[in-house]
Amino acid sequence: IQSIQDGVERLETITQNYLKLSRMGAGTAEALDLREVVAETLGHHEVSLNQKGFQVNWEGGGCEPLWVKGDRTLLHQAFGNLIQNAVQA
């Protein structure tokens, strides 16, 4: 029963996250260096990750920018969610 309850809670969280994202709209797309966005996001989460026993070691994999078109705020949120999910897992 506990396993089923955990699964239901996980599905509720996923559903709530999808609803939040759908209400946010498409955002404003601009040319961004994806490496920079990832580094910024890791910087914002580094202290809390360190407090939980994780060490942040980011190497962007090259010096050339990795250009994408997207919304910086939404990308920060998406990468932040991935970090939080990884910590929880």
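Helix H2 bends by about 50° at His-45; the bend at a residue is the angle between axes fitted to the seven residues ending there and the seven starting there. The model is predicted, so local features need pLDDT of at least 70 and side-chain atom pairs count only at pLDDT 80 or more, while totals for chains, interfaces and linings use all residues. Residues are numbered from 1 along each chain as its sequence is written, and side-chain values use heavy atoms, with hydrogens and water left out.

**Helix H2**

- H2 covers residues 34–51, and its 18 residues should span 26 Å at 1.5 Å a residue; the end C-alpha atoms are 26 Å apart, in agreement with that value. The expected span is 1.5 Å times one less than the number of residues.
- At the start of H2, the backbone nitrogen of Arg-35 has a side-chain oxygen of Asp-33 within 3.1 Å. A polar contact is defined as a pair of N or O atoms within 3.5 Å; within protein, one must be able to donate a hydrogen and the other to accept it, and residues adjacent in sequence count only if both atoms are side-chain atoms.
- Gly-53, with a positive phi near 95°, follows H2.
- The buried residues of H2 are Leu-34, Arg-35, Val-37, Val-38, Thr-41, Leu-42, His-45 and Leu-49. Buried means under 20% relative accessible area, exposed over 50%, and partly exposed in between (1.4 Å probe, protein chains only).
- Cover for these buried residues includes strand E1 (30–33), strand E2 (67–70) and helix H3 (72–88).

**Whole chain**

- The protein has three helices and two strands, and along the sequence they follow the pattern α-β-α-β-α. Helices (H or I, at least four residues) and strands (E, at least two) are DSSP runs, numbered from the N terminus.
- The radius of gyration is 16 Å, well over the 12 Å that the globule rule gives for 89 residues, so the protein is more spread out than a compact globule. The radius is taken over C-alpha atoms, and the rule is 2.2 Å times the number of residues to the power 0.38.
- The C-alpha trace spans about 50 × 35 × 20 Å along its principal axes.
- Of the 89 residues, 18% count as buried.
- Among contacts (heavy atoms within 4.5 Å) between residues at least 6 apart in sequence, 88% join residues at least 24 apart.

**Leu-32, in strand E1**

- Leu-32 lies in strand E1 and counts as buried, at 0% relative accessibility.
- Leaving aside neighbours within four places in sequence, Leu-32 is in contact with Val-37, Leu-66, Trp-67, Val-68, Gly-70, Asp-71, Arg-72 and Leu-75.
- Val-56 is 24 residues from Leu-32 along the chain, and their C-alpha atoms are separated by 22 Å.

- Phe-79 is found in helix H3 and is partly exposed, with a relative accessible area of 22%.
- The C-alpha atoms of Phe-79 and Val-37 are separated by 8.8 Å, with the two residues 42 apart along the chain.
- Asn-85 also lies in helix H3 and counts as partly exposed, at 45% relative accessibility.
- Asn-85 and Arg-72 are 13 residues apart in sequence and 20 Å apart in space, C-alpha to C-alpha.
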